[in-house]
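Keep the viewer open as you read.

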Amino acid sequence: AGIVLIGNKLKLKQDVAPTLIRVDNPEYCFLKILQEIDKTKKPKKGISKFASIDETAKIGSNVFIGDFVHIGANSIIEDNVQIESNCSIGENVQIGSNSHIHSQISIYDQCTVGKDCIIHSGVVIGSDGFGFKPDGKGGNIKVPQLGNVVVEDDVEIGSNCTIDRAALGTTYIRKGVKLDNHIQIAHNCDIGENTLIASHTGISGSVKVGKNCMIGGQVGIADHIVIA
């Protein structure tokens, strides 16, 4: 390495070849450098001629919409949003400014994605909650799932996560939540601000998770549980 960030209090036993930059928190400063490098990536712009956009949809400025994207009636795509190829955006959907929707994502009708969100490939937002009741004849009756999903600002959702719409009301993913890959969040859940959840976690219906929680991988949470 030509340059190394080290702590102000670190004492070296011998001289080293690289230039040393002493800071209070090397890990934090390295993160800030990576963020500055990431900003050098130029966002895509333009709308593909192969995209299908309903005439009632509202599209903001500096938006990128890739090949074979479908955007349904009365949906709102705010400024600087990037939607990669093969995404399906339903009716009455709103996607907030500066959000990045990667390829092959489905966002069902009436769902909302906030500002500055990142959603990775294969995610499904707003599919039906798992609601069935025995019909007394050996079969099951489907409970209509009439609610929606609201993803608030600054949320990142990893690949192949599924977030179910509420039966009635709303499934909430609150501001600053970060989800790893392959996570299932069932209907009517409320995941609190700045919570981190690792992969292969399954959260049953009507669970409420508080702010700033950390949930490891392969965790199962039974329905109607409340976590502080």
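Predicted model: local features only at pLDDT ≥ 70, side-chain atom pairs only at ≥ 80, totals over all residues.

Asn188 is partly exposed, as its relative accessible area is 25%. On the chain, Asn188 sits in the loop between β24 and β25. Check its backbone too: phi of Asn188 is positive, about 70°, although the residue is not a glycine. Most residues other than glycine have a negative phi.

Asn98 is another residue to look at for its backbone. Its phi is near 70°, again a positive value in a residue other than glycine. You'll find Asn98 in the loop between β11 (94–95) and β12 (100–101). With a relative accessibility of 39%, Asn98 counts as partly exposed.

Is Asp190 buried or exposed? It's buried, because its relative accessible area of 12% falls under the 20% cut-off. Who are its neighbours? Leaving aside residues up to four places away in sequence, Asp190 touches Tyr172, Arg174, Val207, Lys208 and Val209. One of these, Arg174, also makes a polar contact with Asp190, side chain to side chain, at 3.0 Å.

Strand β13 (residues 106–107) pairs in the parallel sense with β16 (residues 124–127) over two bridges, and Ser106 has Val124 as its bridge partner in β16. Next along, β16 and β21 run parallel and are joined by three bridges. Here Val124 turns up again, this time standing opposite Thr162 in β21. One more step: two bridges join β21 (residues 162–164) to β24 (residues 184–185), also running parallel. In that pair, Ile163 has Ile185 in β24 as its bridge partner.

Lys9 lies in the loop between β1 (3–7) and β2 (19–23). Lys9 is exposed, because its relative accessible area of 80% is over the 50% limit. Lys9 and Arg22 are 13 residues apart along the chain, and their C-alpha atoms are separated by 8.5 Å.

Time to zoom out. The secondary structure of the chain comes to one helix and 31 strands. Along the principal axes, the C-alpha atoms fill a box of roughly 80 × 45 × 20 Å. Of the 228 residues, 36% are buried. Take the contacts between residues at least 6 apart in sequence: 14% of them join residues at least 24 apart.

What does the chain expose? About 12900 Å², with carbon and sulfur atoms supplying 53% of it. As for charge, there are 22 positive and 25 negative side chains, and the centres of the two sets lie 6 Å apart.

Notes: Residues numbered from 1 in each chain as written. Heavy atoms only, no water. Helix = DSSP H or I, 4+ residues; strand = E, 2+ residues; numbered from the N terminus. Buried < 20%, exposed > 50% of the residue type's maximum accessible area, 1.4 Å probe, protein only. Contact = heavy atoms within 4.5 Å. Areas by Shrake-Rupley, 256 points an atom, 1.4 Å probe, with all protein chains shown as cover. Lys, Arg positive; Asp, Glu negative; His and termini not counted. Charge placed at Lys NZ, Arg CZ, Asp CG, Glu CD. Polar contact = N/O pair within 3.5 Å; in protein donor to acceptor, adjacent residues only side chain to side chain. Pairing = 2+ DSSP bridges.
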